[in-house]
Amino acid sequence: MKLNIPFLDIAATHVGIRQELDAAYHRVMDRGWFVLGEEVTAFEHEFADYCEVKHCSGVANGLDALHLILRGYDIGPGDEVIVPAHTFIATWLAVMFAGATPVPVEPDEITYNIDPAKIEAAITPHTRAIMPVHLYGQPADMDPILAVAKRHGCKVIEDAAQAHGARYKGRRVGSLGDAAAFSFYPGKNLGALGDGGAVVTNDTQLAVRIRSLRNYGGEEKYRHNEPGLNSRLDELQAAFLRVKLKHLDAWNVRRGDLAAEYKQRLNLAGLVLPEVPHWADPVWHLFVVRSEQRDALQSHLAAAGIGSVVHYPMPPHRQQACRDLPCAQPCAQQSLPITDKTSNEVLSLPIGPTLSLEQLSCVADAIQKFATKNA
C-alpha cells in the first residue's frame with residue numbers, strides 16, 4: 001500500500017494548539033486594531049527576549065528584514081556584501097534590492113554554511129558587510145566570521161530565517177552579529193499563518209531606523225523623514241506567533257530527536273548525512289542528506305508516497321535574476337564547484353514536530369531499499 005507521508009504537515013502542528021490560536025484570533029478581532037498595535041509590540045518584546053537581544057522590529061517578511069538592515073546601515077550602490085554561494089536566493093536579492101553587489105563565497109563541505117576560511121580572499125575595499133546564513137537550522141561558524149569583519153571594518157548581518165532558537169557556543173543565533181533577520185514563513189520552525197519577518201539587534205540606533213523605514217520612512221503619522229517601505233508585521237500574525245513561540249523550544253527538541261533517529265537508521269544507507277560541529281546546537285529546520293543518485297532517490301520516495309524537497313536545485317549564481325550582476329566575471333561563469341556539486345546532490349527528508357517515529361521508520365526503510373537495489 002502506498003504511503004502518505006508529506007514533507008511537512010503544517011496543519012497537524014496546529015491541532016494541539018488550536019484553542020490557543022482561536023483565542024488569539026478573537027483577541028485581535030475583538031480589539032479591532034490590525035496594524036502596529038498591542039500584539040506586535042508584545043511579540044517584539046517576547047521575541048527579543050527569546051533571541052537574547054535588546055530590540056525586535058516586526059516586518060512583512062524575511063526578505064524585507066534583510067533589505068531593511070542593509071538600508072538601515074546605508075549599504076547600497078557601490079558597496080559589496082559577502083554572501084554564501086549556497087543559500088536561498090532571498091539572501092542575494094536583499095543585497096541587490098539595496099543596490100549593492102552580492103559577492104559569493106563557497107560553503108564548508110561538512111556543514112553547507114559559508115566557509116569562514118574563504119571569506120577574507122573575497123573582501124575588497126568596497127566590502128561593507130558579511131551576511132552568513134544559518135542554513136537548514138544549523139548555525140554558521142560565527143567567531144572567525146566576526147574576527148574577519150572586525151579586521152576589515154565590516155558589519156555582520158545574520159540571515160537566521162531557518163534557525164529560530166539555534167545556539168552557537170551557547171548563544172542564540174540573532175544575538176551574534178550586528179543585526180539579524182528572521183522569516184516567519186509558515187514552513188519555518190516558528191511560522192505564522194501567513195508571511196512575516198523580524199529584525200533583531202542590540203544596536204538601538206539601527207532599531208529606531210528600521211521602525212521608521214518599515215513604516216513609510218517615518219515614526220509619526222504623515223511625517224516622512226526618508227523614502228521607506230510598507231513592511232509591517234500585522235497584528236493577527238503577531239498574535240499567532242506569540243502562541244507558537246511558547247511551544248518553539250519543545251518543537252525544536254522533537255526535531256532534534258527525529259534527526260538523531262534518522263542518523264542512526266540511515267547510517268549504512270550510502271548517503272552523506274548531516275554533521276554537527278561540537279559548538280553548534282541546531283534546530284533541524286531541514287534534515288538534508290546528499291546522494292550522487294539524488295534524483296533517482298527522490299523519484300523512489302515519491303513512488304512510495306513519501307515527500308521530499310531539494311533545497312536548492314539551482315544556486316543563485318546560475319539564476320536568471322542574477323545574470324547581470326556587476327561582477328568581475330559573469331555570475332553564471334564563476335567557479336563555485338562546491339556549490340554546484342552540493343545543489344546537485346542535496347535532498348531534504350520529511351521532518352517536523354508532528355512526524356511520528358513510525359513515519360520516520362517508513363522513510364528510512366524506503367531509503368534502505370533504494371540503497372540495496374542500487375548498491
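**Figure 1. Salt bridges in the predicted model.** The model holds 23 salt bridges, a salt bridge being a side-chain nitrogen of Lys or Arg within 4 Å of a carboxyl oxygen of Asp or Glu. This is a predicted model, in which local features need pLDDT of at least 70 and side-chain atom pairs count only at pLDDT 80 or more, while totals for chains, interfaces and linings use all residues. Residues are numbered from 1 along each chain as its sequence is written, and side-chain values use heavy atoms, with hydrogens and water left out.

**Figure 2. Salt bridge between arginine 211 and glutamate 44.** The closest N and O atoms are 3.4 Å apart. Arginine 211 belongs to helix 7 (residues 204-213) and glutamate 44 to helix 3 (residues 38-51), so the pair ties together parts 167 residues apart in sequence. Helices (H or I, at least four residues) and strands (E, at least two) are DSSP runs, numbered from the N terminus. Arginine 211 is partly exposed at 32% relative accessible area, whereas glutamate 44 is buried at 4%. Buried means under 20% relative accessible area, exposed over 50%, and partly exposed in between (1.4 Å probe, protein chains only).

**Figure 3. Salt bridge between arginine 128 and aspartate 79.** Here the closest N and O atoms are 3.1 Å apart. Arginine 128 sits in strand 4 (residues 127-130) and aspartate 79 in the loop between helix 4 (62-72) and strand 2 (80-84), 49 residues apart. Arginine 128 is partly exposed, at 29%; aspartate 79 is buried, at 13%.

**Figure 4. Salt bridge between arginine 294 and aspartate 295.** The closest N and O atoms lie 2.7 Å apart. Arginine 294 is buried, with 6% relative accessibility.
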